[in-house]
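Here are my notes for you to read with the model open.

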Amino acid sequence: MQPLANVTPLKPPPRAGAIEVRNVGQVFRTKSQDVVALEDVSLDIKPGRFVVLVGPSGCGKSTLLMMMAGLRAQTSGTITVNGAPIPQPDPNRVGVVFQEASLFPWLTAEDNVEFPLALRGVAKAERRAKAQDALKLVGLEGFGKRHPHELSGGMKQRVSIARGLVQDPPVLLMDEPFAALDEQTRMTMGDELLRIWAATGKTVVFVTHSLTEAVYLADEVIVMSPRPGRIVDQLQVNLPRPRTYEMLSGDAFGALRDRIWRHIRKSA
Amino acid sequence: MQATLTIKLARVAIVIAIFALWEMLSRTGLVNPRLLPSASDTLMTLGDLLQRSSVRTDLLVTATEVLTAFAIAVPMGALIGFLIAENRYFADVAKPLLFFAFSIPKSIFLPMFILVFGVGFAQKVGFGFFSTIFIVIMSTTTAVESVKVEHLTVARSYGATRAQTAFRVYLPSMLPVLLEALRISMIFNLTGVILAEMYASRDGIGHQIATWGENFQMKQLLAGVVMVAAIAMTFNELIRWVETRCSHWRT
Amino acid sequence: MSAKTLRHLIVAGLLVLWELLPRTGLIPELFLPSLSSTLLAGWNEAAEYGHALAVTLYEVAVSMAFACGGGILLGAIVGSLPRPRLLIMPMVSSLYAVPLVILYPVFTVWLGIGSESKIAFASIYGFLPTMLATAAGIQTIDPQLLLAARSMGATLSQRLVRVIIPAAIPTVLSGLRIGGALVIVGVVVSEMLISSAGIGYLISRYRTILDSPHVFAGVLLVLFMAIAFNTAIRWIERKAAIWQTGTRAGQSAADEVGSGAMQPAT
């Protein structure tokens with residue numbers, strides 16, 4: 001683990017954490033017609049960046065994320081993570097955090113975090129140590145013995161993030177992780193995520209519906225349009241870090257959010 | 001649409017395959033035809049049986065018993081269930097007791113009904129009633145509880161009268177659950193009456209089936225089984241069809 | 001008065017009435033023998049009841065192995081494959097409407113009136129709910145859990161052992177509870193109908209000679225058996241599924257299974 005630093009993360013090894021998306025297309029074939037979910041999507045994500053995908057429902061942003069995770073195959077084009085294609089999930093390269101708590105309800109928080117290690121047959125003591133580190137990182141020290149139903153929504157998502165980080169992958173993919181949380185918890189979790197990101201220097205790709213969340217968190221916002229899903233804009237968010245609540249009401253923030261909203265309204 | 005048609009065809013094919021297998025096993029002598037008369041023989045026997053006035057009388061007796069028990073158990077159970085669901089305190093008292101009564105096997109009490117009512121119409125109706133009432137109470141309570149508080153609040157805030165609330169909120173919300181309850185109650189009721197007839201009786205289709213069994217009349221026995229199964233399934237599908245028709249507002 | 005106190009009073013009152021009503025002659029002893037004479041009848045013939053219980057328990061155990069083993073296996077297959085599920089599930093629940101007791105005479109013709117016919121009948125009786133519950137349990141597993149496991153690189157067998165089986169346990173257990181109850185009912189009912197041994201047989205024999213206390217003693221014994229089984233499985237359910245409140249899908253499936261849709265008919 002790297003020391004807490006909120007300006008620039010330490011330089012990771014070259015290419016580790018880089019994601020390249022080249023001319024990716026996805027077509028769903030149904031009986032009656034072919035639905036083009038993604039069309040000619042190209043994207044370069046530099047290591048250590050915080051990139052947010054936004055767009056209206058059905059624009060394929062989650063689909064794209066699933067492809068980066070190796071959970072779904074694209075119809076055409078290539079995707080590389082760390083410079084190599086990702087034909088199936090590879091938890092050493094990519095950790096995934098899902099919407100709602102995709103935690104296993106029958107396991108305790110620490111068993112949930114250990115789960116990916118248990119799959120690889122990592123020894124119990126080592127597993128426990130790593131899980132404790134990850135739980136500490138997300139601010140859940142001492143909650144390891146609880147079952148998910150004994151945790152609040154925000155805490156559950158912290159466990160999910162710890163699970164995504166436990167194998168120390170260079171990339172963390174997050175599919176609307178805070179969608180089920182209330183507004184206040186959501187803001188807190190955003191700050192927490194930025195803190196964790198700064199502390200670990202991971203590349204984060206984050207899918208959301210919330211424009212405010214997008215601008216608040218991102219180095220870069222990718223705006224997508226639906227049917228067929230393609231990239232319509234790429235915004236650099238040059239607001240200083242650490243981000244603060246006061247920035248939300250600033251002009252720079254408002255301008256960025258308006259620009260995204262105009263794209264989304266156009267395609268809706 | 002096409003997929004569902006394929007599935008329906010596949011289901012028909014499975015049923016035909018089962019009958020074909022049955023026919024083959026018996027015809028080829030793999031299974032002693034005396035123990036398993038062929039499907040075609042059984043169906044022919046079924047046709048014969050339906051012509052016989054004695055069998056028709058038996059069916060009529062069973063139907064009367066089933067309907068009488070049903071006609072007593074359903075309104076009574078619905079009333080009790082409604083009262084329980086409407087009163088919090090009463091519900092707290094009665095629910096665990098009912099749940100217990102519901103989960104214990106009813107059939108072992110059948111001898112009691114014979115001791116009390118003898119062997120006749122009253123015993124069957126009584127036992128059919130006893131087999132059915134608890135499930136009716138339970139499902140009515142569930143149905144009342146399935147009415148959403150939000151909907152009631154909305155109705156109240158727009159000034160709905162009691163009658164309006166009953167007809168416009170309670171009834172439509174409860175209807176799907178009630179129909180399901182009706183279907184399951186009928187299954188319980190039919191099982192109860194048939195068992196009572198098989199156990200000790202002078203008439204009714206259950207009694208006939210038991211008698212055919214005791215006399216090793218396999219053809220008649222199997223025909224009877226097919227007949228009762230067909231009747232039960234038809235009724236079941238009928239209610240299910242109505243259920244799907246009015247399930248569009250069920251959430 | 002709290003609801004619980006009143007409930008206990010009601011139960012106590014019923015037990016007292018059970019003793020008093022027959023004693024005072026308000027209800028003939030033939031219809032309802034008093035609690036004490038029932039217990040006494042059971043105590044006096046303890047050896048006979050014990051022997052019958054052994055026969056019944058043996059039949060129950062064997063049928064339970066068939067019904068639950070087959071039900072869980074087939075339910076798991078049907079529940080996890082979408083095509084067979086669409087194909088078979090409606091047929092199975094339609095079959096559920098048939099009063100299966102009409103099959104018992106068929107089994108007596110085929111297998112005689114010994115234990116075999118009871119075991120065959122009770123196995124089939126308990127099979128359907130176990131299978132339906134298992135299929136429902138597998139079906140309601142949150143797809144997100146499977147996706148999450150896959151994203152962590154879980155192989156197919158790892159997903160089966162670490163996700164599908166633990167997620168299905170609560171529903172399967174409630175299926176077992178109902179299937180097991182039906183197996184008990186199936187064995188006792190078939191013993192009552194045509195048989196030469198077992199508690200059901202005792203009940204029927206004493207019924208024909210109008211010996212009410214002995215009939216009731218048998219009924220009580222079966223009742224205790226059913227309650228003991230139910231309590232045991234509920235205890236396991238609580239132990240094995242403390243997390244159950246966590247999955248709404250699993251919970252609602254368990255509710256559905258528990259609340260009538262798959263309850264023992266008689």
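1. Which residues does V221(A) touch, leaving aside those up to four places away in sequence? Its partners are V52(A), V54(A), A214(A), V215(A), L235(A), V237(A) and I260(A). Keep in mind throughout that this is a predicted model.

2. The largest nonpolar core has 207 residues, and V221(A) is among the five that touch the most other members, together with M68(A), A162(A), L173(A) and V205(A). The largest share of this core, though, comes from helix 8 of chain C (residues 156-193), with 18 residues. As background, nonpolar side chains tend to be buried together in soluble globular proteins.

3. Now the chains. Two pairs of chains touch, and the pair with the most contacts is B and C. Chains A and B do not touch: their nearest C-alpha atoms are 10 Å apart.

4. For the contact between chains B and C, chain C puts in 46 residues and chain B 50. On the chain C side, at least two residues each come from helix 1 (3-23), helix 4 (82-95), helix 5 (104-111), helix 8, helix 9 (199-208), helix 10 (212-240) and helix 11 (248-261). Helix 10 of chain C gives the most, eight residues. Sorted by class, this side of chain C has 35 nonpolar residues, nine polar and two charged.

5. Chain C also touches chain A, with 17 residues from chain C and 18 from chain A. Helix 7 (143-151) and helix 8 of chain C each supply at least two residues here, and helix 7 of chain C has the largest share, six residues. The side of chain C that touches chain A holds nine nonpolar, seven polar and one charged residues.

6. Over in chain A, have a look at the open sheet of four strands, which run in the order 2-1-4-5 with antiparallel pairing. Strand 2 (34-45) and strand 5 (84-85) of chain A are the edge strands, each pairing on one side only. Strand 1 (residues 19-29) and strand 2 of chain A are joined in the antiparallel sense over eight bridges, and V21(A) stands opposite L43(A) in strand 2. Helix 1 of chain A (residues 61-68) packs on this sheet and touches strand 1, strand 2 and strand 4 (76-81) of chain A. The direction of that helix makes about 60° with that of strand 2 of chain A.

7. N82(A) and D168(A) are not glycines, yet N82(A) has a positive phi of about 60° and D168(A) one of about 55°. N82(A) sits in the loop between strand 4 and strand 5 of chain A, while D168(A) is in the loop between helix 4 (153-165) and strand 7 (171-175) of chain A. Are they buried or exposed? N82(A) is buried, because 22 other C-beta atoms lie within 10 Å; D168(A) counts as partly exposed because it has 14 C-beta neighbours inside 10 Å.

8. Last, a peptide bond. R241(A) and P242(A) are joined by a cis peptide bond, with omega about 0°. P242(A) belongs to the loop between strand 10 (230-236) and helix 7 (251-267) of chain A.

Conventions:
Residues numbered from 1 in each chain as written. Chains lettered and ligands numbered in written order. Predicted model: local features only at pLDDT ≥ 70, side-chain atom pairs only at ≥ 80, totals over all residues. Core = buried A, V, L, I, M, F, W, Y, C linked by C-beta atoms within 7 Å. Buried ≥ 20, exposed ≤ 12 C-beta atoms within 10 Å, placed from the backbone. Contact = placed C-beta atoms within 7 Å. Nonpolar A, V, L, I, M, F, W, Y, C, P; charged D, E, K, R; others polar. Pairing = 2+ DSSP bridges. Axes fitted to C-alpha atoms, helices over the stretch in contact; angles between N-to-C directions.
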